[in-house]
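Q: Could you go through this structure with me, one side-chain topic at a time? I have the sequence and the model open.

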Amino acid sequence: MTDHTADDGKKPLFYDPTEHRIRSFVTRAGRLSVAQARAIEELGPQFFIPYNKAPLDIDQAFGRTAPTIFEIGFGMGETTAKIAAGMPEKNFIGVEVHTPGVGSLLKLIGEQNLSNLRVIQHDAFEVLTNMIAPESLAGVHVFFPDPWHKARHNKRRLIQPPLVELLSSRIKKGGYLHCATDWQEYAEQMLEVLSGEASLKNTADGYAPRPDYRPVTKFENRGLKLGHGVWDLVFEKK
Ligand SMILES: C[S@@+](CC[C@H](N)C(=O)[O-])C[C@H]1O[C@@H](n2cnc3c(N)ncnc32)[C@H](O)[C@@H]1O
């Protein structure tokens, strides 16, 4: 458990000077609860995969060969844990930069005995570039990525052509990319960017119905009751 650098300070990493790439997140000091810290300590060795600039042997990491779903930005991990619990036949790799989120998901893994889930704490863009081999994923989930509401921050949004091209290259033919957002203008951007990626095809005519495997979160439910929208996009790798 060494790679907790993302939360070591409050300094925002707006910009990676080595890559000249704008980050989709800012580091937050975030409070780590005692239970989350304990989960990292006790379950980390088994379920945490350290970031490494070398291809990950997924079969070895899970001790089996199975379709693998990759998730970017799992937050506190409730949705991730629910989906993994409902699909024990699939492997799940969750990537998140925020330490309390990592602790929270490891805690859920312990409580629910989820042997099909692994956690990486690092920038998903770099994880995909360096650890995930081309055409190795059965699916990718990006649920409620930060919308970066202000126009001057829009450039930090994850769903932009470079990431989508990289994601698509990591997905096997017939695999899928599933994004969801509750921010209409970001949904429109997602639709435009995903539709513009030549290696993907839309499974729906525009936005997709919410697939049954994606649970409705408490936050989302509250928004839906207030009349706010949620948009799912499900694209298939050609
Ligand atoms: C708005 S939250 C959504 C969390 C969760 N998916 C949900 O539906 O509740 C977005 C999360 O993505 C994470 N994130 C943003 N950019 C990331 C990146 N490049 N790599 C890994 N995680 C990232 C943030 O730390 C944050 O926890």
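Q: Where does the charged end of arginine 157 sit?
A: The charged end of arginine 157 sits over the ring of tyrosine 186, at 4.6 Å from the ring centre; a charge counts as over a ring if NZ of Lys or CZ of Arg is within 6 Å of the ring centre and within 35 degrees of the ring normal. This is a predicted model, in which local features need pLDDT of at least 70 and side-chain atom pairs count only at pLDDT 80 or more, while totals for chains, interfaces and linings use all residues. Residues are numbered from 1 along each chain as its sequence is written, and side-chain values use heavy atoms, with hydrogens and water left out.

Q: And which ring does the charged end of arginine 156 sit over?
A: That ring belongs to tryptophan 148, and its centre is 4.4 Å from the charged end of arginine 156.

Q: OK, salt bridges next: how many are there?
A: The structure holds eight salt bridges, each being a side-chain nitrogen of Lys or Arg within 4 Å of a carboxyl oxygen of Asp or Glu. One of them joins the side chains of arginine 23 and glutamate 126, at 3.8 Å from N to O.

Q: Why does that pair tie together parts of the chain?
A: Arginine 23 lies in the loop between strand 2 (21–22) and helix 1 (34–47), whereas glutamate 126 is in helix 5 (residues 124–131), so the pair ties together parts that are 103 residues apart in sequence. Helices (H or I, at least four residues) and strands (E, at least two) are DSSP runs, numbered from the N terminus.

Q: Are arginine 23 and glutamate 126 buried or exposed?
A: Both arginine 23 and glutamate 126 are buried, where buried means under 20% relative accessible area, exposed over 50%, and partly exposed in between (1.4 Å probe, protein chains only).

Q: What does aspartate 232 form a salt bridge with?
A: Aspartate 232 forms a salt bridge with arginine 214, with the closest N and O atoms 2.8 Å apart. Aspartate 232 lies in strand 9 and arginine 214 in the loop between strand 8 and helix 8 (218–225), so this pair ties together parts 18 residues apart in sequence. Aspartate 232 and arginine 214 are both buried. As for salt bridges that share partners, they join Arg23, Asp123 and Glu126 into one network.

Q: Switching to aromatics, how many pairs are there?
A: The count comes to one aromatic pair, where rings of Phe, Tyr and Trp (its six-membered ring) pair if their centres lie within 6.5 Å, and planes under 30 degrees apart count as stacked, over 60 as edge-to-face and the rest as tilted. The rings of tyrosine 176 and tyrosine 213 have centres 6.1 Å apart and planes at 45°, so the pair is tilted. Tyrosine 176 counts as buried at 16% relative accessibility, whereas tyrosine 213 is partly exposed at 24%.

Q: Last topic, the nonpolar core: which residues touch the most other members?
A: In the largest nonpolar core, which has 35 residues, these are Phe70, Ile159 and Leu177; such a core is a set of buried Ala, Val, Leu, Ile, Met, Phe, Trp, Tyr and Cys residues joined through side-chain atoms within 4.5 Å. Helix 5 gives the largest share of this core, five residues. A second, separate core has 25 residues, including Phe48, Ile83, Phe143 and Ala208.
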